[in-house]
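Subject: Structure for you to look at

Hello,

Here is the structure I said I would pass on. Please open it first and keep it in view while you read the notes below.

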Amino acid sequence: MNKQAMWAIAKKDMKAIGANLQVWLPMLILPALLGVVLPGVIIGLTAFMSMDSPDMQEMAAWVSKINLGPISAKLAAMTSLNQQIAFVVANYMLAPFFVLIPLMTASVVSADSFAGEKERGTFETLLFAPVDLKSLFAGKFLASFIPAVGLSLASFVLCGITVNALGWKLFRGIFFPQLNWLPMILLVMPLLSAGAVLANVFISAKVSSFQAAYQMGGVLVLPFLLLLVGQMSGVLVLGTGALLAIAAVLAVIDAILLQLLLKNLNRTALFESQVR
Amino acid sequence: MSENMIELNHISKRFGNHPVLTDFSMTVGRGEIVGLLGPNGSGKTTSIRLVNGVMRADAGSITVAGYDPVHDGEAIRRLSGILTETAGFYLNMTGLENLRFFAELYGVTETQRPLALLEEFGLTDAKEKKVGTYSTGMKKRLGLAKALLHRPEILFLDEPTNGLDPEGIRMVIEYITRLNRRDGTTIVLCSHLLQQMEEVCHRYVFLQGGRVIEQGTHAELEARYIKEATLRVETRAGVAEHKLPGRQAVPAFLRELTQREEVFGATLVNQDLESLYFKIREVAGRE
């Protein structure tokens with residue numbers, strides 16, 4: 001592996017993201033919206049709305065129906081319904097947002113990884129360089145993985161600040177995140193980002209335009225949208241066990257994708273995919 | 001120049017049903033400057049891609065400095081510098097950033113090398129400007145600088161003077177010649193500008209429809225194809241063309257003519273590369 005070339009490619013691509021407003025602005029909007037604005041609005045409403053309102057009554061009924069396992073005792077000890085709702089919403093209902101954020105930010109950058117080079121007419125020059133394809137792919141992987149995970153973590157930290165600030169009135173202390181977030185942040189988020197990047201880089205290497213790569217890569221988001229609906233409706237609540245199981249499945253998928261990618265590395269095929 | 005640096009033996013390559021190269025054989029000696037000549041689509045660019053291992057031939061064998069591009073492509077690409085027709089730069093990066101990026105890819109350890117090359121090709125003032133703002137000629141010169149970053153032993157130049165002004169063309173031609181003489185760099189040059197090819201190339205390979213139709217030095221080709229010399233002579237009476245039975249007849253003809261008339265100039269007009277090019281294509285067309 002040519003580490004010098006790998007980092008040169010990764011740095012070049014990441015710098016290109018930073019230099020292009022049309023790329024980084026949408027990349028920031030999504031995490032800001034899902035990671036900060038939406039959680040802020042939800043927690044703000046639960047913290048400041050009167051429990052007499054029909055909406056809050058409905059939410060209280062919804063919380064009481066959800067099976068939260070070991071957390072139920074903790075909830076029972078809380079003095080107000082507002083506290084219970086805010087606690088459950090912050091610590092359980094926001095999880096799918098942090099599935100979508102890495103998935104979608106990773107998709108934008110990685111769809112452009114090879115297809116963008118082809119569209120800009122720079123791919124031929126890269127393939128003429130004495131860089132092995134593993135290093136080339138690793139550079140492209142890092143250029144998407146680092147911003148995706150970085151943005152996801154940053155939005156999580158900002159989410160924490162927002163949620164705790166808005167919930168301060170209720171808890172007089174930090175109530176988010178609870179330990180159940182550990183597998184989410186340390187395992188699911190990076191593994192999911194890695195999987196999304198691997199899949200999108202693979203697609204991007206095969207097709208000849210960014211648009212085609214992005215559209216094909218977009219299909220990957222669909223199953224996770226179902227997860228979002230399931231979680232928000234209370235049908236599926238991701239506890240620590242479920243998250244660990246998801247992380248294990250993702251690790252297997254990532255390993256398969258990596259093997260598939262390494263097996264299909266072929267300079268001639270890559271070169272011919274960009275000849276118009 | 002006897003040792004072959006590049007050898008292509010009976011190469012065939014198709015894109016789908018379309019044959020691009022057919023039974024294509026050529027050699028390039030170490031330290032030679034060889035010109036690939038032929039119309040668009042004759043296989044010049046494809047042969048460069050095959051030699052560098054970014055494409056695979058359907059049949060035949062290739063060796064470059066003893067390496068096989070199929071298995072040792074990376075070793076070949078380390079030895080080679082390539083200027084492609086489009087140069088392939090990142091337009092949102094400056095000239096210097098582009099060269100520094102490619103220097104890292106090529107493992108160049110001399111940190112001042114990009115700056116030295118920018119200076120050599122008259123781009124120092126534009127080094128901090130984005131390549132997107134460069135003129136075609138500037139991009140071409142930057143492309144040449146990129147190809148030379150790692151001091152390659154073999155240089156592949158695809159249309160290196162396209163888009164250059166006369167000063168730029170002169171600069172590139174002189175640089176190529178100097179590089180070959182100073183470092184012994186083997187150079188494969190593709191161009192449609194035959195006059196420039198004639199100034200720098202030691203040998204020529206003529207391509208047509210993906211086949212090599214002829215190869216040799218200027219003298220060898222001239223001996224094979226030019227049976228009659230046309231001498232354009234300027235005298236007090238004006239300019240006249242004289243048909244002679246070969247270039248060896250020129251000195252005697254001029255001796256005799258200068259005894260009778262004042263001769264201001266004399267040029268052989270049918271022995272330049274352009275004449276050879278059309279003659280060779282005409283003969284190949286007949287066959």
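Two strands pair if DSSP finds at least two bridges between them. Helices (H or I, at least four residues) and strands (E, at least two) are DSSP runs, numbered from the N terminus. The model is predicted, and local features need pLDDT of at least 70, side-chain atom pairs count only at pLDDT 80 or more, while totals for chains, interfaces and linings use all residues. Residues are numbered from 1 along each chain as its sequence is written, and chains are lettered from A and ligands numbered from 1 in the order in which they are written.

Strand β6 of chain B

In β7(B), B:Leu189 is the bridge partner of B:Leu157. Strand β7 covers residues 186-190 of chain B, and five bridges join this strand to β6(B), the two running parallel. Between them the chain passes through helix α6 (residues 166-183) of chain B, in a β-α-β crossover that is right-handed (with the strands pointing away from the viewer, the path from the first strand over the helix to the second runs clockwise). Strand β5 (residues 80-83) of chain B is also parallel to β6(B), with four bridges; here B:Ile82 is paired with B:Phe156.

Is β6(B) covered or open? Five of the five residues in this strand (154-158) are buried, that is, 20 or more other C-beta atoms, placed from the backbone, lie within 10 Å of their own. B:Ile154, B:Phe156 and B:Asp158 point one way, and B:Leu155 and B:Leu157 the other way.

Chain A

Chain A has 13 helices and zero strands. Its C-alpha trace spans about 70 × 35 × 30 Å along the principal axes. Of its 276 residues, 42% are buried.

In helix α13 (residues 267-274) of chain A, the buried residues are A:Arg267, A:Leu270 and A:Phe271. They line one face of α13(A), because they fall within an arc of 100° seen down the helix axis (the arc is that of the directions from this axis to the C-beta atoms). Their cover includes α7 (123-128), α8 (133-171) and α9 (181-206) of chain A, together with α2 of chain B.

Where the chains meet

20 residues of chain B are in contact with 20 residues of chain A (C-beta atoms, placed from the backbone, within 7 Å). On the chain B side, α2(B) gives the largest share, four residues.

Regards

Technical notes: Buried ≥ 20, exposed ≤ 12 C-beta atoms within 10 Å, placed from the backbone. Contact = placed C-beta atoms within 7 Å.
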